[in-house]
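Q: I have a structure open and would like to learn how to read it. Can we go through some features one at a time?

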Amino acid sequence: MLTLIVVAVVCVGGVAGGCPFRDGNVEEGFTITSGCLTCTCGSDDMYICSYPECNFTETANPCLRYSSGCCAECLEYGCYNQYFRGDSSLVPLGLVPHPTDPCVTCTCNLGHGEVICRSVMCERPKCANFRRRPGFCCEYDCPDDISYDTGAP
């Protein structure tokens, strides 16, 4: 987006001609840069000011970290994590560990904008009285060691 700002003619010391700058006037074509704003003295003794045109890439993913400068670019994209932090926090691209369920795999992919989770389907345990091993997915302990197949230890 190009922003145009025009500053009116000001006479300094009773002399017209050129654009005002500090304690005097400057000639046509004189350029002043302040941060991202660039102003050039025009033939009509007025400054023509503009910001640089910035091209931004649109994506569904929010930006986590921007570069510095006039046209800041996204250095790191992420996703909204609506599943298990309760407040739609932002997470970086890649795998997102589930805090309580090792059988749930979550990922943040570029282009989606949100964390996507999938549950792992486990085979049925081979024993009747099983206990899931804490912190593991699809791993079970069979304390009585009785199998479904034979019914014997």
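Q: Is Asn61 buried or exposed?
A: Buried means under 20% relative accessible area, exposed over 50%, and partly exposed in between, with a 1.4 Å probe and protein chains only. Asn61 has 5% relative accessibility, so Asn61 counts as buried. Before we go on: this is a predicted model, in which local features need pLDDT of at least 70 and side-chain atom pairs count only at pLDDT 80 or more, while totals for chains, interfaces and linings use all residues. Residues are numbered from 1 along each chain as its sequence is written, and side-chain values use heavy atoms, with hydrogens and water left out.

Q: Where is Asn61 in the chain?
A: Strands (E, at least two residues) and helices (H or I, at least four) are DSSP runs, numbered from the N terminus. Asn61 sits in the loop between β6 (47-50) and β7 (63-66).

Q: How many helices and strands are in the protein chain?
A: The protein chain has zero helices and 14 strands. Of its 153 residues, 19% are buried.

Q: Which residues is Asn61 in contact with?
A: Contact means heavy atoms within 4.5 Å. Apart from neighbours within four places in sequence, the contacts of Asn61 include Tyr77, Gly78, Cys79, Cys108 and Asn109.

Q: What does the side chain of Asn61 reach?
A: A polar contact is a pair of N or O atoms within 3.5 Å; within protein, one must be able to donate a hydrogen and the other to accept it, and residues adjacent in sequence count only if both atoms are side-chain atoms. The side chain of Asn61 reaches the backbone oxygen of Asn109 at 3.2 Å. A polar atom of the Asn61 side chain also lies 2.8 Å from the backbone oxygen of Gly78.

Q: Cys79 and Cys108 form a disulfide; how many Å apart are their sulfur atoms?
A: A disulfide is a covalent bond between the sulfur atoms of two cysteines. The rule used here is a pair of cysteine sulfur atoms within 2.5 Å. For Cys79 and Cys108 the sulfur atoms are 2.1 Å apart. Cys79 lies in strand β8 and Cys108 in strand β11, so the pair ties together parts that are 29 residues apart in sequence. Cys79 is buried at 0% relative accessibility, and Cys108 is buried at 2%.

Q: What is the count of disulfides by this rule?
A: The count comes to ten disulfides. One of them joins Cys63 and Cys74, with sulfur atoms 2.2 Å apart. Cys63 is in strand β7 and Cys74 in strand β8 (residues 74-81), so this pair ties together parts eleven residues apart in sequence.

Q: Why is the disulfide of Cys63 and Cys74 called right-handed?
A: The torsion about the S-S bond of Cys63 and Cys74 is about 105°, so the disulfide is right-handed. By contrast, the link of Cys127 and Cys142, with -75° about the S-S bond, is left-handed. Cys127 is in the loop between β12 (116-119) and β13, and Cys142 is in the segment after β14, 15 residues apart. Cys127 counts as buried at 1% relative accessibility, whereas Cys142 is partly exposed at 28%.

Q: What is the phi of Asp45?
A: Phi is positive for Asp45, at about 65°, although Asp45 is not a glycine. Asp45 is in the loop between β5 (37-41) and β6, and counts as partly exposed at 22% relative accessibility. Cys138, also not a glycine, has a positive phi of about 65°.
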